[in-house]
Amino acid sequence: MADLTQNPRPAKTLGRWLKTPWTLSVALLAAAAVLDPGNFSSVAEFAATALVSTAKYILFAVLLLAYLKATGAEAMVARAFEGRETRMIFLAALFGGLAPFCSCEVIPFIAGLLALGAPLSAVMAFWLSSPLIDPPTLLITAGALGWLFAIGKAVAAVALGLFGGFAVKLLRGQGVFASPLRKQPAAGCSSCGGPKLDAKPNWRFWTEAERKVKFREEFVSNGVFLLKWLALAYVLESLLVHYVPAGVIAGLVGGEGVLPIAIAALVGMPAYLNSYVAPPLLAGLMEQGMSAGAAMAFMVAGAVSSVPAMAAVWSLVKPKVFATYLGLGVSGAIVSGILFQLV
């Protein structure tokens with residue numbers, strides 16, 4: 001028998017695997033099989049059917065994200081921060097939903113923009129819209145909640161970015177945020193560097209060997225990432241639909257009015273869910289009685305309060321700016337929910 005003490009790498013690999021969404025998915029299904037064997041087949045079938053039905057969205061999202069990364073499309077985002085401030089705010093809010101960044105890349109990207117003198121108003125517009133939507137999230141949301149909800153979330157992302165950008169512009173005009181940056185901004189994580197602001201995209205990425213390798217790596221890594229998180233999401237949704245009484249959900253965040261929407265936004269901020277996990281779970285909650293407006297508020301507030309998004313803000317700017325970011329996020333989530341409910 002092999003002595004794992006002589007070669008700790010297998011043990012470390014096993015430890016990392018045990019902390020992945022795969023393990024949690026298997027554990028939850030195993031618990032359902034043991035505690036309620038009569039309904040296990042129904043629970044497993046619900047999750048598997050939902051995952052298969054979303055497969056086409058996963059494939060397209062992974063191909064699109066790999067293409068954007070291989071071509072260097074993030075260079076286009078940097079150009080949104082050139083020119084007049086009002087123009088920058090509009091473009092930053094728009095490109096925030098299109099930027100193909102991983103969660104840690106946004107930190108060095110924003111650090112570079114601030115170091116180059118980009119106005120805080122435009123940066124805030126990008127910060128608020130970027131966590132809300134990106135090409136894969138748009139497709140996953142459409143697959144779980146329908147295109148109306150996905151488009152509504154995309155519109156909410158841009159609108160929230162504009163709201164935050166112009167609010168900061170107004171406050172800066174009155175002397176607030178005169179010195180928004182910390183003395184030594186964080187440079188980001190070591191596992192991935194920020195995009196080069198002066199780079200040019202190559203839309204025919206297959207003409208360069210390095211970009212082809214990048215496409216393949218991004219396709220595999222993002223495919224595995226989406227698959228493992230969505231598998232967990234649909235297992236959780238299945239358990240939610242099967243075991244949580246509809247009356248509980250409907251009583252808390254169901255019905256009309258502003259109160260359920262405000263509650264959903266306030267609950268959504270601390271109870272952040274991965275952007276790929278949230279849509280399937282919200283689909284289950286809406287089946288149980290959650291209103292569409294409350295679902296939108298929950299999703300918007302949760303995305304703004306994500307750990308990567310908040311870490312990016314906290315690591316680069318002073319607490320006053322951080323508090324403004326969160327305030328704009330939760331108020332924008334409530335307004336988004338109210339407007340979506342009216343639609």
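Tyr57, Ile58, Ala61, Val62, Leu65, Ala66, Leu68, Lys69, Ala70 and Thr71 are the buried residues of helix H4, where buried denotes a relative accessible area under 20%, exposed over 50%, and partly exposed the range in between (1.4 Å probe, protein chains only). The structure is a predicted model, in which local features need pLDDT of at least 70 and side-chain atom pairs count only at pLDDT 80 or more, while totals for chains, interfaces and linings use all residues. Residues are numbered from 1 along each chain as its sequence is written, and side-chain values use heavy atoms, with hydrogens and water left out.

**The chain as a whole**

The chain contains 17 helices and zero strands; these are DSSP runs numbered from the N terminus, helices being H or I with at least four residues and strands E with at least two. Of the 343 residues in the chain, 48% are buried. Contact means heavy atoms within 4.5 Å. Among contacts with a separation of 6 or more, 83% join residues 24 or more positions apart.

The expected span is 1.5 Å times one less than the number of residues. After H4 comes Gly72, with a positive phi near 80°.

H15 has 13 residues and reaches 19 Å from its first C-alpha to its last, close to the expected 18 Å. This helix is mostly covered, with 12 of its 13 residues buried. Those buried in H15 are Gly293, Ala294, Ala295, Met296, Ala297, Phe298, Met299, Val300, Ala301, Gly302, Ala303 and Val304.

**Packing between helices**

Two packed helices are described by the angle between their axes and the distance between the axes. Axes are lines fitted to C-alpha atoms, for helices over the stretch in contact, and angles run from 0 to 180 degrees between N-to-C directions.

| Helix pair | Angle between axes | Distance between axes |
|---|---|---|
| H3 (residues 37-53) and H11 (residues 209-243) | roughly 135° | within 8 Å |
| H14 (residues 278-287) and H15 (residues 292-304) | about 155° | 10 Å |
| H8 (residues 120-129) and H10 | about 155° | 7 Å |

The angle makes H3 oblique to H11, whereas H14 and H15 are roughly antiparallel to each other. H8 is likewise roughly antiparallel to H10. Angles under 35 degrees count as roughly parallel, over 145 as roughly antiparallel, 65 to 115 as roughly perpendicular and the rest as oblique.

The crossing of H3 with H11 is right-handed, as is that of H14 and H15 and that of H8 and H10. A crossing is right-handed if the near helix is turned clockwise from the far one by less than a right angle, and left-handed if anticlockwise.

On the H3 side, Asn39, Ser42, Val43, Phe46, Ala47, Ala50 and Leu51 meet residues of H11, including Leu227, Leu230, Ala231, Tyr234 and Val235. That contact of H3 with H11 has 13 nonpolar, four polar and one charged residues. In this classification Ala, Val, Leu, Ile, Met, Phe, Trp, Tyr, Cys and Pro are nonpolar, Asp, Glu, Lys and Arg are charged, and the others, Gly among them, are polar.

Between H14 and H15, Ala278, Pro279, Leu282 and Met286 meet Ala292, Ala295, Phe298 and Met299. The contact of H14 with H15 has eight nonpolar, no polar and no charged residues.

For H8 and H10, the contact is formed by Leu120, Ser121, Met124, Ala125, Leu128 and Ser129 of H8 together with Ala157, Leu160, Gly161, Gly164, Gly165, Val168, Lys169 and Arg172 of H10. The residues of the contact of H8 with H10 are seven nonpolar, five polar and two charged.

**Individual residues**

Leu51 belongs to helix H3. Apart from neighbours within four places in sequence, Leu51 is in contact with Ile58, Leu227, Leu230, Ala231 and Tyr234. Leu51 and Gly143 are separated by 92 residues in sequence and by 9.8 Å in space, C-alpha to C-alpha.

Glu218 is part of helix H11 and counts as buried because its relative accessibility is 15%. Beyond neighbours within four places in sequence, Glu218 is in contact with Ala66, Lys69 and Gly223.

Phe166 lies in helix H10, which covers residues 147-173. Its relative accessibility is 30%, so Phe166 counts as partly exposed. Not counting residues up to four places away in sequence, Phe166 touches Thr86, Ile89 and Phe90. Phe166 and Ala122 are 44 residues apart in sequence and 8.4 Å apart in space, C-alpha to C-alpha.
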